[in-house]
Amino acid sequence: MSVSANDAALIERFLEMMAAEAGAAGNTIAAYATDLRLASEFLGGRLGEAGREDLERLGAEWMSLARSTVARKSAALRRFYAFLADEGLRSDDPGGALPRPGATRPLPRTLSVADVDALFAAIAARIARVPPDPRDLRLAALVELLYGSGLRASELVALPRNAVAPDRPYLILRGKGGRERLVPISDRARAAVAAWRDHVPVEKPWLFPSGKGHLSRVRLFQIIRALAGEAGIAPDRVSPHVLRHAFATHLLEGGADLRALQAMLGHADIATTEIYTHVDSRRLVELVNQRHPLADLAR
């Protein structure tokens, strides 16, 4: 059974709304499109008019799938039916009949401060060579921006040549869903970028050029893993995304505000940022004992 013309039209309207109004990322829209079309096929081309019993039957069909997959499919359909109701295309919203598996979000892999120190020590040893290899200067700039600013790999490799200004301690990035955010850049990161940029041909539009375009995420991944091995860390423990996690975790452990961290990471939902609250419980207990107003009364 293929998707009916009516369902196809409704799905298209919904996806247009997701892109134009909700600012959903391209990957999200593609995933929702697939989920909705598969649901339409299962329901015999009656997705737009399906009732609660239809959706309960659909949910039962998903029982063998991973909880994360069911959670995504349910989210796609719930948003779809909420959209139909908001637009007056349905008088009811049957989305409540869809399963809510409460997919657990795994804790992110991260690194200790000692691990990060080892990475930077390996970089420093490379740069100490006279004259330094330009590839080592590039490595220093890459890691400073990954760990020092928490950039996503895709954001980092696509930075324009002059994105990091010597007199401006922040970047303006357009991340997922086209949302803009300010990202702080440390003095040492700006210095590392300046040292590397001197070796970037002036005609190149990218800060990290490669061939006819910019450095790929795959190559960045390989570079970071090679550095980990050199620093005495198991390479499978380190990746660009792990360095982003380390940035967030270490900031939070240092007392950063969760809302500020959300803004720096570019998370649309604070719930995504809250995963970093897996900090050392002993530190939290010490924080209460030292900072809470009643702590003085106990002395």
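Let's start with helix 9, which gives the second largest pocket five residues, the largest share of its lining. Helices here are DSSP runs of H or I with at least four residues, numbered from the N terminus. A pocket is an open set of points on a 1 Å grid over the protein atoms alone, where a 1.4 Å probe fits, with protein on both sides within 12 Å along at least five of seven lines; lining residues have an atom within 4 Å of a point.

A word on the source: this is a predicted model, where local features need pLDDT of at least 70 and side-chain atom pairs count only at pLDDT 80 or more, while totals for chains, interfaces and linings use all residues. Residues are numbered from 1 along each chain as its sequence is written, and side-chain values use heavy atoms, with hydrogens and water left out.

Back to our pocket. Its space comes to about 170 Å³, a volume being what is filled by probe spheres set on the points, which are joined across faces, edges and corners. Helix 6 (134-149) and helix 9 (217-230) each supply at least two residues of the lining. Among the lining residues you'll find Arg126, Asp133, Arg219 and Gln222. What is the split by type? Six charged, four nonpolar and one polar, where Asp, Glu, Lys and Arg count as charged, Ala, Val, Leu, Ile, Met, Phe, Trp, Tyr, Cys and Pro as nonpolar, and the others, Gly among them, as polar.

Now look at the loop between helix 5 (113-127) and helix 6, where Pro131 is found. A cis peptide bond joins Val130 to Pro131, with omega about -10 degrees.

Next, helix 6 and helix 10. Their axes, lines fitted to C-alpha atoms over the stretch in contact, come within 6 Å and cross at roughly 40 degrees. That makes helix 6 oblique to helix 10, since angles under 35 degrees count as roughly parallel, over 145 as roughly antiparallel, 65 to 115 as roughly perpendicular, and the rest as oblique. The angles themselves run from 0 to 180 degrees between N-to-C directions. Residues that meet here include Val143 and Leu146 in helix 6 and Leu243 and Phe247 in helix 10.

Finally, Ser239 sits in the loop between helix 9 and helix 10 (240-253). Is Ser239 buried or exposed? Buried, because its relative accessibility is 6%, and buried means under 20% (1.4 Å probe, protein chains only), exposed over 50%, partly exposed in between. Not counting residues up to four places away in sequence, Ser239 touches Phe221 and Ile224, contact meaning heavy atoms within 4.5 Å.
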